[in-house]
Amino acid sequence: MLQIENLYKAFGGVVAINDVSLTFPTGSLTAVIGPNGAGKTTFFNLISGQIRPDRGRVLFEDQDLVGLSSLEIVRCGIGRAFQVASIFPSLTLRESLMAAVISHRRQSAQVFSRFPLPSAEARVDDIMGLLGLRSKADHLSRNLSHGDQKLLDIALALALEPKVLLLDEPTAGMGPEERWQMIDKVYRLWQTEKMTLVFIEHDMDIVFKIAQSIHVLKYGTVLAQGTPDEIRRNQDVIDAYLGTDHFAAEVRV
């Protein structure tokens, strides 16, 4: 279980995260939503160690992660894919994943080997299969489509064998059809790997379709949390984020 307790972070006089306490049960699929500037990405940065909170705790399996480096947090089982894909542009998709798997297993001497360990090759093949990337295995990462680069970023996070996976806007910059293809792969990934998955998303149709529970942030505080049905009918959320038009459409369905 991932548990956030009284998390607080300010940048100068701007409070980005203000006394946030949230729980993500093991194996859950949770969306974090809110208006621009609500503190969603900062929240992920605090969990994954990109920045350090001013106070509060990030507990994972009863260990406080605050103060650990990003690498140490990865080793504890927290993986992350970013809003802007972080890839190795000069490597093929397969080479990128092989490097990530071997590095995570602390077998760096094998990175440039002509004969990678069979277990690493098998893991790379499994990850490509999970995300539908086998046909792109030998494509240079920089030549992949935007959507495939986002999938590669998720694949690189999977190579680190996370127990919790944080996805920051996995469908950002995609057209309608590509968005649904992406979220279908994310959902099947969650079902197959049985990990705890937390994602930030602005497309409410996607959020309400796949999330088990939703946490809503506004100005760095928790505005609401609950099931999709509870959130779509929460008047504070309607006023602050969803809007009356969205609520009316939900009621008509």
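I began with helix α1 and found eight of its nine residues buried, so the helix is largely enclosed by the rest of the structure. I note that this is a predicted model.

I listed the buried residues of α1: K40, T42, F43, F44, N45, L46, I47 and S48. I then checked what comes after the helix; α1 is followed by G49, which has a positive phi, near 85°.

Next I picked N45, which sits in helix α1, residues 40–48. Is N45 buried or exposed? Its relative accessibility is 17%, and buried means under 20%, so N45 counts as buried. I looked up its contacts, leaving aside neighbours within four places in sequence, and found Q50, I51 and R80.

I located G67 in the loop between β5 (63–64) and α2 (70–76). G67 has a relative accessible area of 45%, so I wrote it down as partly exposed.

Then I turned to the nonpolar cores. Which residues touch the most other members of the largest core? They are L97, I154, L165, F199 and I214, out of 51 residues in that core. Helix α5, residues 146–158, gives this core its largest share, seven residues. I followed I154 and, not counting residues up to four places away in sequence, found that I154 touches A81, L131, L165, L167, M182, V186 and L189. Another core, of 24 residues, lies apart from the largest one; V20, L46, I47 and L65 are among its members.

Technical notes
Residues are numbered from 1 along each chain as its sequence is written. This is a predicted model: local features need pLDDT of at least 70, side-chain atom pairs count only at pLDDT 80 or more; totals for chains, interfaces and linings use all residues. Side-chain values use heavy atoms; hydrogens and water are left out. Helices (H or I, at least four residues) and strands (E, at least two) are DSSP runs, numbered from the N terminus. Buried means under 20% relative accessible area, exposed over 50%, partly exposed in between (1.4 Å probe, protein chains only). Contact means heavy atoms within 4.5 Å. A nonpolar core is a set of buried Ala, Val, Leu, Ile, Met, Phe, Trp, Tyr and Cys residues joined through side-chain atoms within 4.5 Å.
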